[in-house]
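Here is a short tour of how one chain packs together. Take a look at the sequence and the fold, and then let's walk through them.

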Amino acid sequence: MAGPADAAGWLTLPDVAERLDLPISKVHQMIRDREMIAVRRDGVRRIPADLVANHTVLKHLPGVLTLLADAGYDDEAALRWLYEPDETLAAGTPAAALGGDQAREVKRRAQALGF
């Protein structure tokens, strides 16, 4: 199962709405628009907490999610890709790298998957 290893690493959709100070309907729209990713865990749709940092969605996440979808990745596969350990990234995973200096590199790698 891809994503954060412990339950504290996940947010429910109402938690995300509260963190972003948005109505829950806007969170649902953001998921439909691939601005963030949600998967079912224990029957509840959840979002990895580290993808929602500082009261906003990580800047490059929507672009990476679009590139992964264009490459044929469904939400579970995209989440697996984001959390796959990668020793060539200083942050250790593409998801962690999106919050730092290697975000453009993660985007480039996601784009290459489509070819």
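Which residues of the largest nonpolar core touch the most other members? Please keep in mind that this is a predicted model. The core has 35 residues, and those touching the most other members are Val16, Met36, Ile47, Leu61, Val64, Leu82 and Leu98. Two or more residues each come from β1 (10–12), α1 (13–20), α2 (24–32), α3, α4 (75–83), α5 (94–97) and α6. Helix α4 gives the largest share, five residues. In soluble globular proteins, nonpolar side chains tend to be buried together.

Leaving aside residues up to four places away in sequence, Leu82 touches Leu61, Val64, Leu65, Thr93, Pro94, Ala95 and Leu98.

Next, the pairing of two helices. The axes of α3 (residues 61–70) and α6 (residues 103–112) lie 8 Å apart, at an angle of about 15°. Angles under 35 degrees count as roughly parallel, and α3 and α6 are therefore roughly parallel to each other. Their crossing is left-handed. The residues that meet are listed here:

| Helix | Residues in the contact |
|---|---|
| α3 | Gly63, Val64, Leu67, Leu68 |
| α6 | Val106, Lys107, Ala110, Gln111 |

Five of the residues in this contact of α3 with α6 are nonpolar, two are polar and one is charged.

Finally, helix α6 also holds Arg108. With a relative accessible area of 45%, Arg108 is partly exposed. Its C-alpha atom is separated by 32 Å from that of Ile24, which is 84 residues away along the chain.

Notes. Residues are numbered from 1 along each chain as its sequence is written. This is a predicted model: local features need pLDDT of at least 70, side-chain atom pairs count only at pLDDT 80 or more; totals for chains, interfaces and linings use all residues. Side-chain values use heavy atoms; hydrogens and water are left out. Axes are lines fitted to C-alpha atoms, for helices over the stretch in contact, and angles run from 0 to 180 degrees between N-to-C directions. Helices (H or I, at least four residues) and strands (E, at least two) are DSSP runs, numbered from the N terminus. Angles under 35 degrees count as roughly parallel, over 145 as roughly antiparallel, 65 to 115 as roughly perpendicular and the rest as oblique. A crossing is left-handed if the near helix is turned anticlockwise from the far one by less than a right angle, and right-handed if clockwise. Contact means heavy atoms within 4.5 Å. Ala, Val, Leu, Ile, Met, Phe, Trp, Tyr, Cys and Pro count as nonpolar, Asp, Glu, Lys and Arg as charged, and the others, Gly among them, as polar. A nonpolar core is a set of buried Ala, Val, Leu, Ile, Met, Phe, Trp, Tyr and Cys residues joined through side-chain atoms within 4.5 Å. Buried means under 20% relative accessible area, exposed over 50%, partly exposed in between (1.4 Å probe, protein chains only).
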